[in-house]
Amino acid sequence: MSANTKKIVIVAVVALVLFFLISRPTQSAEVVRSALGWLRDGAEAIVTFVRSLFS
């Protein structure tokens, strides 16, 4: 992918994210909450796995 194409894609993605944040803030917040929940669950699973290895 060329540098110009990469810049265009990045600008388009940022514009799309901003559009959804401005036009649908409640739904956007719920998506972020869900993503953070998945990350938290994943981190807890990794911690549990590591604790199980060393206990």
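Glu30 first: at 42% relative accessibility, Glu30 counts as partly exposed. The classes are buried under 20% relative accessible area, exposed over 50%, and partly exposed in between, with a 1.4 Å probe and protein chains only.

Some ground rules. This is a predicted model, so local features need pLDDT of at least 70 and side-chain atom pairs count only at pLDDT 80 or more, while totals for chains, interfaces and linings use all residues. Residues are numbered from 1 along each chain as its sequence is written, and side-chain values use heavy atoms, with hydrogens and water left out.

Glu30 pairs with Arg33 in a salt bridge, 2.9 Å from N to O. The term means a side-chain nitrogen of Lys or Arg within 4 Å of a carboxyl oxygen of Asp or Glu. Both residues sit in helix H2, residues 25–54, three residues apart, about one turn. Helices are DSSP runs of H or I, at least four residues, numbered from the N terminus. Arg33 is exposed, at 53% relative accessibility.

How many salt bridges does the whole structure hold? Three. Arg40 takes part in a salt bridge with Asp41, at 3.8 Å. Glu44 meets Arg40 in another, at 3.9 Å. Shared partners join Arg40, Asp41 and Glu44 into one network. Asp41 is partly exposed at 41%. Glu44 is partly exposed too, at 44%.

Now helix H1, residues 3–23, the place of Val17. Val17 is partly exposed, at 46% relative accessibility. A nonpolar surface patch of about 890 Å² accessible area includes Val17, Leu18 and Met1. Patch members have over 30% relative accessible area and no salt bridge; like charges are joined within 9 Å, nonpolar side chains (Val, Leu, Ile, Met, Phe, Trp, Tyr) within 5 Å. Areas come from Shrake-Rupley with a 1.4 Å probe; for residues, only the protein chains shown count as cover.

How values were computed
Helix = DSSP H or I, 4+ residues; strand = E, 2+ residues; numbered from the N terminus.
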